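These are my notebook entries on a structure that I went through chain by chain. I set down what I looked up and what I found.

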Amino acid sequence: MDRRTRQLPLRAIALVMGFSSAVAQVLVIRELLAVFRGNELVIGIIFAGWFAGIYLGARFAPAADGERSARFLQAAPCVLPLGACIVVYLAHALPLLGGRAIGSHYPLILEMLLSLILTVPLSLPIGRFFPPLVSLLARERGSAAGGTAYAIESLGSFAGGLVFSIVFVDHINPIGITALLFCIGMMPCLYAHARAALYPLALLPLAIAAMSSPIESSLLAAMWNRTHAGALVEYHRTRHQAVQVESQDGQINIYGDGVFYHSLPDRHDARGLFHLIQSLRNGTGERVLLFGTGPGSLPYNLGKSDVARVDYCEPDPALWEITDAYRRRFYPRNDGRLHVITADLRRYFRENDVRYDIIVSRAAAPENVMLNRFHTKEYFEQCRAHLKPDGVFITAVHGFSNYLSDDLLHFIASIYKGFRETFPHHRITSGDTMYLIGSPDPSRLPDDPASLIARYRAALEKKPLTGLEDDIITNFVPDELLMSFEKTQINYFQDKIDRILPSVDANSDHRPLGYWNLVKLSAYQEESAVYSIFRHAPIVPAIGCVLVALALIDARRRFPGVGFAANATMFATGCASMAAMIVLMILYQNANGIIYYRISLMNALFMFGLTAGSWLATAHRLPSLPVRLILLMASLGGILLYASRSVEPLFWLLIAAISLISGTIFPSLFSLSDNDGHHAFAASLDAMEHLGSIVGAAATAMLLIPLLGMSSAIAACMCIVAFAALVLLVSGVRKA
Amino acid sequence: MLSRKELLRSACRALYAGACAPFLLTHDDACTIMAAQPDSPFIKPARHWKKLAGGSVRCQLCPNECVISAGSRGACRVRMNLRGGLYTLVYGRLAAMHVDPIEKKPLYHVLPGSLAYSVATAGCNMWCTFCQNWQISQAAPEAIDAAFVPPGQLSANARSKRCPVIAYTYNEPSVQFEYLVDSARVARSRGIRPVIISNGYINDAPGRELLGVLDAVKIDLKAFTNSFYAKVCGGDLHNVLKTLERIKRNGTWLEIVVLVIPTLNDAPGEIREMTRWVRANLSPDVPMHFTRFHAMYRITNLPPTPVATLERCRTIAREEGIRYPYVGNVPGHRWENTYCHSCGKQIIRRSGFYHVTSSIRNGACPHCATRIPGVWA
């Protein structure tokens, strides 16, 4: 093989590997979330596991060896999709192997361990791939090889992210996706061996992709039916989540990412809330907004009563489409009073000025930051802004059964505080689900439940409820509402909450305490080892600091002086850029709702920025490294501006800027290596960048944001980058 | 300079130390010592135990029969070996005190429409993964807020809240055996009816002693298979059935609740076997409540029991001759009402827990004069 043909596949292989690794990463994260509950702890661990694999692969990559390296580079793009396919379906099959009873989640600690076990081996070859790639490319490109490899792989990742978010996300299942990746991965390998006759073989996986749908359906049904109460009827991957529908004794249960959402019919569940809403009405012809109440009985019966209009909000249009087909079996069409808003509620509020007489928010508990945004002070303020002057807002929070433990009390208190500050005039109900009822008009909420009941009784006598489902009105007398206003329970709650409220901070968009407290509560509930860690919070960062210190000492041992400064800078860049991405994503999510299907797009843009940055640094003369780090700090500062303004173009601009600057760092630092040490130096820089990413992902999602808030997380990142700039200056690396 | 080997070794050591530290730190010695303060009003000598060699004791209150070494506690977390003797740590240590309608217990055939002064301590001798009150039942007493309420004060509290019934509920009441017996005795002497809401996991001797001071008992029959009790609750069916027979023999009013959990205990064959056993060994007059499960404690991702499943359980119970089978936790359902077993007419109407209208006259059906089993006055 001549020099030209050997180099060409290297670039193609790098491009394919970048493409496959970006797709495999998003795919594995999505599927793991459908098996484990999707909170940020688990997401953080999945990301950390992914980067840890890359770190280990790069750090412990064997020394350069032309023949062996070339073989590995050709095999890696084929092995990765196979591994991804195995990991995805192994994750789905895990409940069959035990460790999880029907109706329960894995304990948090087990979820985190399994996430690590599943992701590390998959990302290991990605890390192991980069050093030999640079080493082989260096034969042609010398010290520019690092930048070239970095740019090509990032370009592949950019393409992968783009294709996943536009084509793969809701059209092709994981078997199909990985078969396609395998097919693409084989091409450069076959080309390298110059056996054109074998090309059609590479198309074989396409046949598997074409037939994958029925195979996957029966696989998923077999696994689901053995680990759930009902029989799986449908499994869809929408742009927002994986939706599962099961049938159980005449009842249809809808799940999203494996978490139970609603059942149909649900008239007995809706009865209490329906009459609570009716009792709070102020006449006829009102406009009501429902969110998270389930698509069944409540919207149907409210639509049948004499309100003017019922708006039901379901953020995932595909979920509504799936649910509606079943809903119509139980609830025939309303008379046009029911309107469905298939948009994120907070975005809908931001873009519409419509005002409601009653807003009912029954969002699921804040098990992740996405859900937390429906329990924050900012959300309550938005709801208040969309109420008429005498409107009523009802929101549900996790209540208590007879006793409030400290963890439960703190969780409820963080949400209640935000609510109380927004609605000083309010009432609460008792029970396992508590309703917080507020109104801008104090006269709307009677002091005593007895007067509310008397008012409702009088209204019913004047105009009885008719035309509703039988089970909503059979046997009903307004005294039934007393079940929601159990006096001793409410007094007990008020007494306890008043004592701790002054020392509790309100749950907010920028500091999701509700989410954090609920994770703590879940850990307490399952008597998990994670709870011990929560109780002794400094231990985790202490362990993290020790590990990072050891890695830095290791880097210093291998590359003293300027080499160490380069490694430390790479670490700081990886850490800050990953932390910035996480903060940006959460801020974007707070403003716009579910971002799942846009994550790969953001990832793609980030990768594009890296590509452009590394190309710029390889081909052009740029400002010195410390200056670029100062620019990176300025971009991080821009996030604070976005946090206060939520202007969408700024969001995309910030991702582009941060990734572009980050992309220029690696080639410049790599150019500091001597001619003999390309392989080892590339491995070390790649490893340190991913170690920084682990720290950035883990510390931001699990520590800085919940404990200190978004601004402090960004400030911490700015400090880290400033420190790196200082190290570069002290070590004498001004220009590279 | 560190070698690679040394580096790895120190990393492993750091990880190991980090992983172990939380567990070492959570051992709550301070709490244990505080709980065992001899002058604490909560600590009283326990009954029903036996001394063993070496300072250990065997608690004989429930079928767990824990062998407890000095300074340790039983599985219930509330009975402790202090200096070779067994002590209760929850005498009058009430963590929850609420006024509930008696329908909430549920006791449908005991003073319908009345209020029950409902109290609980920490601790339980099982660990059901679907427990509604896990925050107290699965906690050590010193880990939760509680107030000391002497036995006489409890009756006074109930009276001041206009409650004719004291219900020992939420957690398993038999773990507070000594307080329960003392306070129930005082309550009875003052005309207040003590009732318990229990899992029925108690040994014969203490069980008989307890029945001597109670007016009614509601037992949670969690399933009718040993495997369910072993895997989901940490108990055994056989001992619960013995308790049910004992209650019946004693003549204390008994109602049974079966929380129907999808997949775990809802098989029609199991329900048929259970109801057949109740009819044959207890009485067709024992009311059976088939109640709806909602996600709780460790079982947080299971849909609520389909109403059709509960209706099927109720139908099976009727077919097997149970006269008063109910569907529970389904507000507005027609089978939450009471119908005379003889003439089939509605005699008690319920709308949730709070609105109860009873037409029973002197314990009999107003339509056909058949005696309705229960505690009516």
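I take a contact to mean heavy atoms within 4.5 Å. I note that this is a predicted model, in which local features need pLDDT of at least 70 and side-chain atom pairs count only at pLDDT 80 or more, whereas totals for chains, interfaces and linings use all residues. Residues are numbered from 1 along each chain as its sequence is written, chains are lettered from A and ligands numbered from 1 in the order in which they are written, and side-chain values use heavy atoms, with hydrogens and water left out.

**Entry 1. Chain B as a whole**

I counted ten helices and 19 strands in chain B; helices (H or I, at least four residues) and strands (E, at least two) are DSSP runs, numbered from the N terminus. Of its 377 residues, 58% count as buried. For burial I use relative accessible area with a 1.4 Å probe and protein chains only: under 20% is buried, over 50% exposed, and in between partly exposed.

**Entry 2. The interface of chains A and B**

I asked how many residues each chain brings to the contact: 57 come from chain A and 64 from chain B. The buried area is about 5400 Å², and carbon and sulfur atoms give 55% of this. This quantity is the accessible area (1.4 Å probe) that two parts lose on being put together, summed over both.

I then searched for charged pairs, a salt bridge being a side-chain nitrogen of Lys or Arg within 4 Å of a carboxyl oxygen of Asp or Glu. The rule finds four across this interface. In one salt bridge, A:Glu486 pairs with B:Lys104, with 2.9 Å between the closest N and O atoms.

I also found 30 residue pairs in polar contact between chain A and chain B, both residues at pLDDT 80 or more. A polar contact is a pair of N or O atoms within 3.5 Å; within protein, one must be able to donate a hydrogen and the other to accept it, and residues adjacent in sequence count only if both atoms are side-chain atoms.

Which elements of chain A supply at least two residues each to the side that touches chain B? They include strands E2 (242–248), E3 (251–256) and E4 (259–264), and helices H9 (267–280) and H18 (487–500). H21(A) gives the largest share of this side, eight residues. By class, the side has 22 nonpolar, 20 polar and 15 charged residues. Here Ala, Val, Leu, Ile, Met, Phe, Trp, Tyr, Cys and Pro count as nonpolar, Asp, Glu, Lys and Arg as charged, and the others, Gly among them, as polar.

**Entry 3. Cores of chain A**

I looked for nonpolar cores, meaning sets of buried Ala, Val, Leu, Ile, Met, Phe, Trp, Tyr and Cys residues joined through side-chain atoms within 4.5 Å. The largest has 135 residues, and A:Phe36, A:Leu636 and A:Ile639 touch the most other members. H22(A) gives the most to this core, with 17 residues. Apart from it lies another core of 83 residues, A:Val307 and A:Leu404 among them.

Beyond four places in sequence, the contacts of A:Phe36 include A:Val42, A:Leu94, A:Tyr106 and A:Glu111.

I also checked A:Gln589, which is found in helix H22 (residues 562–592) of chain A. A:Gln589 counts as buried because its relative accessibility is 10%.

**Entry 4. Helix H10 of chain A**

Seven of the eight residues of helix H10 (297–304) of chain A are buried, including A:Leu298, A:Pro299 and A:Tyr300. The buried residues of H10(A) pack against H9, strands E5 (287–291), E6 (309–313) and E7 (338–341), and helix H17 (470–473) of chain A.

**Entry 5. Salt bridges**

One joins A:Lys377 and A:Glu421 at 3.8 Å, N to O. A:Lys377 lies in helix H14 and A:Glu421 in helix H15 of chain A, so the pair ties together parts 44 residues apart in sequence. A:Lys377 is partly exposed at 23% relative accessibility, and A:Glu421 is partly exposed at 42%.

Is B:Glu320 buried or exposed? B:Glu320 counts as buried, at 13% relative accessibility, whereas B:Arg272 is partly exposed at 26%.
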